[in-house]
Amino acid sequence: MSNEIRPVTDEQQFELLIEGLIGQEYGCCDHFFPPDMIQGLRENLLAYREAGLMHPAGVGKKFDYQKNTAIRGDAIYWIDKDAQNELEARFIQKIEHFIQYLNASCYTNIDDYEFHYAYYEPNSFYRRHLDQFKSDRGRQYSLVIYLNDNWQATDGGSLSLYIGENTLSVSPEAGRVVFFKSDQTEHEVHAAPQRPRLSIAGWLKRTS
Ligand code: OGA
Ligand code: MN
């Protein structure tokens with residue numbers, strides 16, 4: 001990444017994500033949020049966890065819903081759209097800007113979104129899956145933002161994206177965002193044996 005031109009404005013970052021999605025089925029952009037903001041969001045996540053507010057994530061929706069640590073082992077906390085927390089408000093603002101940009105440039109008709117913090121204990125994982133539920137087709141695009149400082153290849157915890165014949169690997173480095181289609185791109189979170197893996201994952205939705 002270091003010898004590429006770094007996109008600076010929000011719009012340049014959005015373009016990079018959209019071009020990636022169109023050209024290679026996924027977009028990836030580093031420095032999507034500045035380091036101080038990533039650090040603050042990480043501290044928020046850890047504080048929610050300390051306060052006992054994070055809960056084991058489930059699999060499926062409505063009647064299909066079950067907690068199943070053989071499939072996924074993360075604990076989550078949903079972010080309020082009207083968040084009073086300043087960093088979460090800034091986070092939501094940029095997501096809404098991205099949705100506006102996407103709708104204006106790609107006619108995507110996104111009209112809703114949802115995001116949660118995710119904490120993967122060491123050795124937990126999320127097996128290969130699609131993000132769109134069979135019982136609710138609302139989720140159109142997946143976005144994951146990573147909160148892990150100084151992540152090393154030897155830490156594990158990569159995201160595998162299964163694209164055609166290829167498997168692409170993304171390291172969950174602080175400030176990096178990944179963008180792909182929720183109904184199309186199968187993916188998997190690998191275990192990190194030594195350290196917890198922190199992120200914010202979310203979906204851009206079409207409800208009508
Ligand atoms: C998810 C997911 C990917 C990641 O939460 O559905 O696939 O890299 N997350 O954390
Ligand atoms: Mn997923």
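Asn 123 sits in the loop between strand 4 and strand 5. Strands here are DSSP runs of E with at least two residues, helices are runs of H or I with at least four, and both are numbered from the N terminus. Asn 123 has a positive phi of about 80°, although it is not a glycine. With a relative accessible area of 49%, Asn 123 is partly exposed. Buried means under 20% relative accessible area, exposed means over 50%, and partly exposed lies in between (1.4 Å probe, protein chains only).

Glu 25 is not a glycine either, and has a positive phi of about 75°. Its place is the loop between helix 1 (10-24) and strand 1. Glu 25 counts as buried, at 19% relative accessibility.

## Basis of the model

This is a predicted model, in which local features need pLDDT of at least 70 and side-chain atom pairs count only at pLDDT 80 or more, while totals for chains, interfaces and linings use all residues. Residues are numbered from 1 along each chain as its sequence is written, chains are lettered from A and ligands numbered from 1 in the order in which they are written, and side-chain values use heavy atoms, with hydrogens and water left out.

## Manganese site

Which residues coordinate the manganese ion (ligand 2)? They are His 129 (NE2), Asp 131 (OD) and His 187 (NE2), at 2.1 Å. Donors are N, O and S atoms within 2.8 Å of the metal (3.2 Å for Na, K and Ca); water is not among the atoms, so the site may look incomplete.

The donor residues are spaced H-x1-D-x55-H in sequence. Asp 131 lies in the loop between strand 5 (126-129) and strand 6 (139-146), and His 187 in strand 10 (residues 186-189). This pair links distant parts of the chain, 56 residues apart. Asp 131 and His 187 are buried.

## Salt bridges

The count comes to eleven salt bridges. Each is a side-chain nitrogen of Lys or Arg within 4 Å of a carboxyl oxygen of Asp or Glu. One of them joins Asp 30 and Arg 176, with the closest N and O atoms 2.6 Å apart. Asp 30 lies in the loop between strand 1 (26-29) and helix 2 (35-50), and Arg 176 in the loop between strand 8 (166-170) and strand 9 (177-181), so the pair ties together parts 146 residues apart in sequence. Asp 30 and Arg 176 are buried.

Asp 112 forms a salt bridge with Lys 81, at 2.5 Å between the closest N and O atoms. Asp 112 is in strand 4 (residues 112-120), and Lys 81 in the loop between strand 3 (74-78) and helix 3 (86-106), 31 residues apart. Asp 112 is partly exposed at 21% relative accessibility, and Lys 81 is partly exposed at 38%. A network of salt bridges links Glu 114, Arg 139 and Lys 205.

Four strands form an open sheet in the order 5-10-7-8, with antiparallel pairing. Two strands pair if DSSP finds at least two bridges between them. Strand 5 and strand 8 are the edge strands, each pairing on one side only. Strand 7 (residues 159-163) pairs with strand 10 in the antiparallel sense over four bridges.

Tyr 162 has Glu 186 in strand 10 as its bridge partner. Glu 186 also meets Arg 128 in a salt bridge (2.6 Å, N to O). Arg 128 lies in strand 5 and Glu 186 in strand 10, so the pair ties together parts 58 residues apart in sequence. Arg 128 is partly exposed at 47%, as is Glu 186 at 30% relative accessibility.
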